[in-house]
Amino acid sequence: MSDPVRLTRRAFLVRSTAAGAGLLLGFHLPARRKFAAAPMTAPRDDQPVEVNAWIEIHPDNSVLIRVARSEMGQGIFTALPMLVAEELDCDWSKVRAEYASANENRRRDNVYQSMGTGGSRSIRDSNDYLRMAGAVGRELLVSAAASCWNVLAEECRAANSIITHTPTGRTLSYGAVAAAAATLAPPELVFLKEPEDWHLLGTPVKRLDVRDKIAGKPVFGTDVDIPGMLHAAIRACPVFGGTLQQYDAAAIAKRSGVVQVVALDNAVAVVAESWWQAHQALQALPVTWDEAGHGTVNDADIRASLEAGLATDKAVIMAERGKPDVAFKTSGKQIEATYYAPYLAHATMEPMTCTAAVHKDGRVEVWVPTQNASASLDAAARTAGVDPLRVEVHNTQLGGGFGRRGANQDFTEQAVRIAQAVGRPVKLMWSREEDMQHDFYRPASMVRLAAAVNSAGQLTAMRVRVAAPSILTSLGRMYADGTDPVALQGIPHKFYTVPNFRADYALRTLHVPVGFWRSVNHSQNAYYREHFLDQVARETGQDPYEFRLGMLKEAPKQRAVLQAVAERAGWGEALPEHTHRGIAVETCYGSHCAQVVEVKVNADGTFRLLRVVCAIDPGHVVNPDTIAAQVESAITYGLTAALFGDITLHNGRVQQGNFDDYPMLTLAQMPVVETHIVASGDFWGGIGEPPLPPVAPALCNALYAATGKPVHSLPLSAHGLHLA
Amino acid sequence: MLELTVNGQHHELDIDPDTPLLWALRDHLHLHGTKYGCGIGLCGSCTVHVDDRAVRACLVRVADVSDKAITTIEGLTPDSEPVQQAWREFEVTQCGYCDPGMIMASIALLREKPSPSDADIDAAITNICRCGTYNRVRQAIHAAASKVANKKEAADV
């Protein structure tokens, strides 16, 4: 195994006018591919030319823009190319997007930077270097045209993939000068456009991936078809942490299509000619498990552990300001409530899957729907015991991700192990039941909130205790002092003015695997906080909206979205009979979002979701239609969880298996969603997750308004609160 | 040998007659547009047409449809199919996994009820979408219905 070719990375300075004149940002120019190739060949006019790692210009003037993050429905396969194209000044109608290669990224010294797609980070973390890549590309193309004409580059301008020499009106296309541009040294300095000069960013550009998706053409992970490929179905120990004890391969050996039974540490897989054959044989395979002592854990034990976390005196203080204990002693009124939210599964439409081929020469290929191609590459390399540079990851389409397919690459590891054992390419696909029962779940948690209110109705102090498992700890990223800031996301709620405040955390260690679930712990913590604030407001005779506004005097962004949503929803205006509304606000993943939910409650206690009004401030707007789609998406996901989502444990096992016992919101139940983008335009916020956290508390607040009873745990179905 | 007619093409398959149609399509005919989502007929990702009616392919034995005309998403003409055109117009798609099933279900609905009410759509489109495209699905169905109606009106004139 030879060493990778060292890439010459040339640092140069970019002045971002958007960031203020004179501010210099260091920027590593993505190395050109020719630097990685040996021998170096001159670019040819009839071949695609890589202007830099992100941009390839073709002789027909079409532009290929590489995307290092994963498209899982959130629209970044369109939005990220828009960022490049805005500065490149290319013809958008000729732009195509393609995944950047994780292997190439490794080979070229991390030229594509992070490939992780989570935390709503795609736009907010990569907009700077993507816009710069576009600007550098444009400058190179303009310089090449200028040299061709033997004129000054300053006399030329670029628009729509055409460079014009302004004094003479001569033109050259990007395709015509791309080969020459690729030989030039990149500029020392490029200027990024001011937002008012954007012509593409901020417009409702049609998604690049819809045409193929409506024809059923894109290859999802489950659709991978490799010559000579076999199919695998898998069953992991139903008790988390358990291992495979015994299985009787002979019992299924004669079944049609069955090729091999593969034993893994904690799972057994059947490999067959088709997935159906593998799946059927697996159902018939006798298996016994070592349950590692967790085979008696029930939901009551989980709750008891969380309750013990509320009671312990060993919690770690994670946020404190003022003198909360003194304030509680002197306050007029105290309100306290305890909340619970259950484990939740991601339930992506496409179950976990990965196809692997372990070649005889030691190369490994995986075809995988992944939220982090680099993580998949590392997982495959680690599992196969090869150098990461020997691994090629082929990104497939993702049938949803929601946090399941990033940090945890269990499906990739399994596929590589099975392919290794079989000696042929294998497509592993989990059944829906396997997917439901072997997730990395949104952590269950219990939280106690206490508020002290003075005679003027102002919240003078709050104390919050969080008892929950830690996702970071489960990933081995535990903080030395036993804290986990992610567990307390949204709890210190810095935007509300609460002069005296303390939040502490009791880490719970349970056998259920936990992971990142769309908006992570903001999803349940915002429910606790925003629903509790309604309780405080109502018990002190205040309007929940006005009560919040009173605490947002120093938080203009949150105040703005709250006011916008109240205005658009007609807060304070009379509602039809039996109709009620609730409001909530949250800031997360760089954006601010407020929602009003309207419900109609029937005499029998059932209710209908009428409307969700949403105001969101993501700072800059890349594609307004994507924002609207993500708001609709996050609301659907959040409503499903609030209404029905409940993963429960019995004998150490998850009791739910499919959409019959883990139901999803349906089209008939879906409320109208009205999205109002209130963009303040001075920051880059996320969009995939921020619209999720407000919807559960806004819904609970609406039901609270209807019934007079707060909802101290989710899902609503566990309280007999059902949709009509 | 089992006979199967899919998208107008005749096939002979050497498979277990109990194999669900879904897996005959995916693993034997390599038509991957029809998706697996639940295997129990709840999510609708595997919706195909059997003699023009929407059917969940995970619940149908391949032997039971060997004399029927089966249409999958690959058998449509996206540039002229009003439902697919409406899908583009309203940018319905997010991850794209449920769309083939949703589209097949919507086309079958419009065949039965050319101008469906919201209640008709509620009753017919029970497919699950985790990305939350439901409201756009509804809009697209209404738009496709009026597109077909307009065309018909124009033809009648």
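Mentor: Helices (H or I, at least four residues) and strands (E, at least two) are here DSSP runs, numbered from the N terminus. The model is a predicted one, in which local features need pLDDT of at least 70 and side-chain atom pairs count only at pLDDT 80 or more, while totals for chains, interfaces and linings use all residues. Residues are numbered from 1 along each chain as its sequence is written, and chains are lettered from A and ligands numbered from 1 in the order in which they are written.

Let me start from the segment after α18 (695–707) of chain A, where A:Pro715 lies. The peptide bond joining A:Leu714 to A:Pro715 is cis, with omega at about 0°, and as a rule most peptide bonds are trans.

The part I would study closely is helix α16 of chain A, residues 556–569. Which residues of α16(A) are buried? They are A:Gln558, A:Val561, A:Leu562, A:Val565, A:Ala566 and A:Ala569, where buried means 20 or more other C-beta atoms within 10 Å of a residue's own, exposed means 12 or fewer, and partly exposed lies in between, with C-beta atoms placed from the backbone. Because these residues cover an arc of only 130° around the axis, they sit on the same side of α16(A). Their cover includes α15 (544–550), β24 (579–588), β25 (591–601) and β26 (607–617) of chain A. After α16(A) comes A:Gly570, with a positive phi near 70°.

Elsewhere in chain A, the axes of α10 (residues 373–384) and α11 (residues 410–422) come within 9 Å and cross at roughly 40°, and this crossing is right-handed. In α10(A), A:Ser376, A:Ala379, A:Ala380, A:Thr383 and A:Ala384 meet A:Thr412, A:Glu413, A:Val416, A:Arg417 and A:Gln420 of α11(A), contact being counted when C-beta atoms, placed from the backbone, lie within 7 Å. By class, four nonpolar, four polar and two charged residues make up this contact.

Chain A also touches chain B, in a contact that takes 47 residues from chain A and 45 residues from chain B. On the chain A side, α6 (210–213), α7 (275–284) and α17 (624–644) each supply at least two residues, and the largest share, seven residues, comes from α17(A). That side of chain A divides into 20 nonpolar, 15 polar and 12 charged residues.

B:Asp51, in the loop between β3 (47–50) and β4 (53–56) of chain B, has a positive phi near 50°, and B:Asp51 counts as exposed because 11 C-beta neighbours lie inside 10 Å. B:Glu91, in the loop between α2 (82–89) and α3 (99–112) of chain B, also has a positive phi near 50°, but B:Glu91 counts as buried, with 21 C-beta neighbours inside 10 Å.

Finally, A:Thr330 belongs to helix α9 (residues 324–330) of chain A and counts as exposed, with 11 C-beta neighbours inside 10 Å. A:Thr330 and A:Thr460 are 130 residues apart in sequence and 9.9 Å apart in space, C-alpha to C-alpha.

Terms used
Axes fitted to C-alpha atoms, helices over the stretch in contact; angles between N-to-C directions. Left-handed = near helix turned anticlockwise from the far one by under 90°. Contact = placed C-beta atoms within 7 Å. Nonpolar A, V, L, I, M, F, W, Y, C, P; charged D, E, K, R; others polar. Expected span 1.5 Å × (residues − 1). Arc of directions from axis to C-beta.
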